[in-house]
Amino acid sequence: MEHRFKEKYSSNGVNVIECLDCGFKHLYPLPTQEQLNEFYKDHFAESTPSPNLNDKKESIIGYVGNSSGKRILDIGAWDGDFLDQFKDLSWERIGIEPGKKKKGILESKGIHVYTELFDKIDLSTLGEFDVINLSFVLEHALVPQNILQGVFEKLLKPESIICIEVPNDFNPLQMAIIKNKNIPMYWICSPDHINYFDFSSLEKLLKKVGFEVLHKEASFPMELFVLMGQNYIGNDEIGKNIHKKRCDFEKNLENAGLNNLKRELYRNLATLSIGRSIVMFARKPWD
């Protein structure tokens, strides 16, 4: 398929287009499945730790309740940290995690795991779910709409929800960094990061599939540290230090009884397209 584009960005010899056909930014040309298979022989897409797991659980219970017997699926389950948040509920917890080394870790937490890529699983064998989570998955997918379509048509009950988290790339603070610091677009990562979403393009993709978007929020805008002089890009030591600062900020608000204020702040950041990652909840409506 030839992709028409509104704008093209280049960094270190890698091209990303704002695609008129797909509705979001992606690598151009797209890698082939064979190229991805070759890459992942030696590299596997690692999950990015999500610091807002308690917040996600709070939202999920707010939408579907906490009664027993519900089913929850995490696509890209990694170490099972997300599903572990629900161990106190009588829910069936299932993970899809292609990293076979993670199977034992997941099973030790009481999680049933499928160690295959999503598109290799016969979805009709999984049954229907009340909640499905995809954290840092869609940016790696060759055709992300196919994953969402499979979830929508075959895995979610009507009125059930999906939670998606992806990097918020080409956001205003990132663009400010490259203009002020004279560095390339450091968030472009080929070939494993194929797609680059913002709040608008992710919402449009969900609606295209048929979802009703419920709410969206951001994570802490880590780019602020770079703009204030702490350039963590390519510097693991600074990166660890500012990650601790971010965690301290959130923990101190929580300890002060102000977690709702923090979440309201992050929801407002989302309206400005600011924040390091996008967190979006959507519902499969009744037909």
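Which residue in strand 9 does H26 stand opposite? In this predicted model, local features require a pLDDT of at least 70 and side-chain atom pairs count only at pLDDT 80 or more, while totals for chains, interfaces and linings use all residues. Residues are numbered from 1 along each chain as its sequence is written, and side-chain values use heavy atoms, with hydrogens and water left out.

H26 stands opposite N195 in strand 9, and strand 3 (residues 25-27) pairs with strand 9 in the antiparallel sense over 2 bridges; strands are DSSP runs of E with at least two residues, helices runs of H or I with at least four, both numbered from the N terminus, and two strands pair if DSSP finds at least two bridges between them. An open sheet is formed by 4 strands in the order 1-2-3-9, with antiparallel pairing. Strand 1 (5-11) and strand 9 (195-196) stand at the edges with a single partner strand each, so one side of each is left without a neighbour in the sheet.

The structure holds 12 aromatic pairs, in which the ring centres of Phe, Tyr or Trp (its six-membered ring) lie within 6.5 Å, with planes under 30 degrees apart counted as stacked, over 60 as edge-to-face and the rest as tilted. Y9 and F170 form a tilted pair, 4.6 Å centre to centre with 50° between the planes. Y9 lies in strand 1 and F170 in the loop between strand 8 (156-167) and helix 6 (172-181), so the pair ties together parts that are 161 residues apart in sequence. Both Y9 and F170 are buried, that is, under 20% relative accessible area, where over 50% is exposed and in between is partly exposed (1.4 Å probe, protein chains only).
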